[in-house]
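Here is a short tour of one chain, written to be read with the structure open beside it.

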Amino acid sequence: MRTFRSAPGWTMAVFGAPAAVGAVGLIAPAAQLPLLGLEAPDVRGSGDLTPAFVTASSTAALTMGVYPVMAALADRRAFFRWTVPCRLLTCTVSTVSVISGRAPEAFVGVAVREGLGAVATGAELRYERRADARKGPGARS
């Protein structure tokens, strides 16, 4: 059985948690809306595309959650590095969306998870890079 081989890998595995939320949305779409802080109406009007949105966002969460887990299992540090600025951008967009009233307050949880995860991954990568530099030439990059 493969496991995560590094501290940055573990942070990436946690980053893959949305895969579970995406699976919930595909299996039980009505359960997904409250998780996002959205109301699930009893009756839908014509032109209501909420089910399509939930399906699309759940599929994206599932597939995008699998990538970091696979990268963690393969210990792909370049992928880990690429996620840090993107996750900080997600933190910023989610925060601004809540502040502007465009998204429900539940999206603050997304912002916090992405921001803290990006900082944790970046810090672990930096720690490893400095430790490797102290070891000298030939250390892992």
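This is a predicted model: local features need pLDDT of at least 70, side-chain atom pairs count only at pLDDT 80 or more; totals for chains, interfaces and linings use all residues.

Residues are numbered from 1 along each chain as its sequence is written, and side-chain values use heavy atoms, with hydrogens and water left out.

With those classes in hand, here are some residues to look up.

| Residue | Relative accessibility | Class |
|---|---|---|
| Ser94 | 8% | buried |
| Asp75 | 18% | buried |
| Val21 | 35% | partly exposed |
| Arg126 | 43% | partly exposed |
| Arg5 | 53% | exposed |

Val21 sits in helix 2 (residues 18-27); helices here are DSSP runs of H or I with at least four residues, numbered from the N terminus. Together with Val24 and Leu35, Val21 makes up a nonpolar surface patch with about 220 Å² of accessible area in total. Patches take residues with over 30% relative accessible area and no salt bridge, joining nonpolar side chains within 5 Å and like charges within 9 Å. A salt bridge, in turn, is a side-chain nitrogen of Lys or Arg within 4 Å of a carboxyl oxygen of Asp or Glu.

Arg81, Arg126, Arg129, Arg130 and Arg134 gather into a surface patch of positive charge. Which helix gives the most to this positive patch? That is helix 6 (residues 107-135), with 4 residues, and Arg126 is found in helix 6.

Now turn to Arg5, which lies in the segment before helix 1 (7-15). Leaving aside neighbours within four places in sequence, Arg5 is in contact (heavy atoms within 4.5 Å) with Leu73, Ala74 and Asp75. The C-alpha atoms of Arg5 and Arg77 are 11 Å apart, although 72 residues separate the two along the chain.

Asp75 itself belongs to the loop between helix 4 (50-74) and helix 5. Asp75 is not a glycine, yet has a positive phi of about 55°.

Finally, Ser94 is placed in helix 5 (residues 77-99). Why does Ser94 count as buried? Ser94 is buried because its relative accessibility is 8%. Not counting residues up to four places away in sequence, Ser94 touches Phe107, Val110 and Ala111.

How values were computed. Helices (H or I, at least four residues) and strands (E, at least two) are DSSP runs, numbered from the N terminus. Buried means under 20% relative accessible area, exposed over 50%, partly exposed in between (1.4 Å probe, protein chains only). Accessible areas come from the Shrake-Rupley method with a 1.4 Å probe; for residues, only the protein chains shown count as cover. Lys and Arg count as positive and Asp and Glu as negative; His and the chain ends are not counted. The place of a charge is taken as NZ of Lys, CZ of Arg, CG of Asp or CD of Glu.
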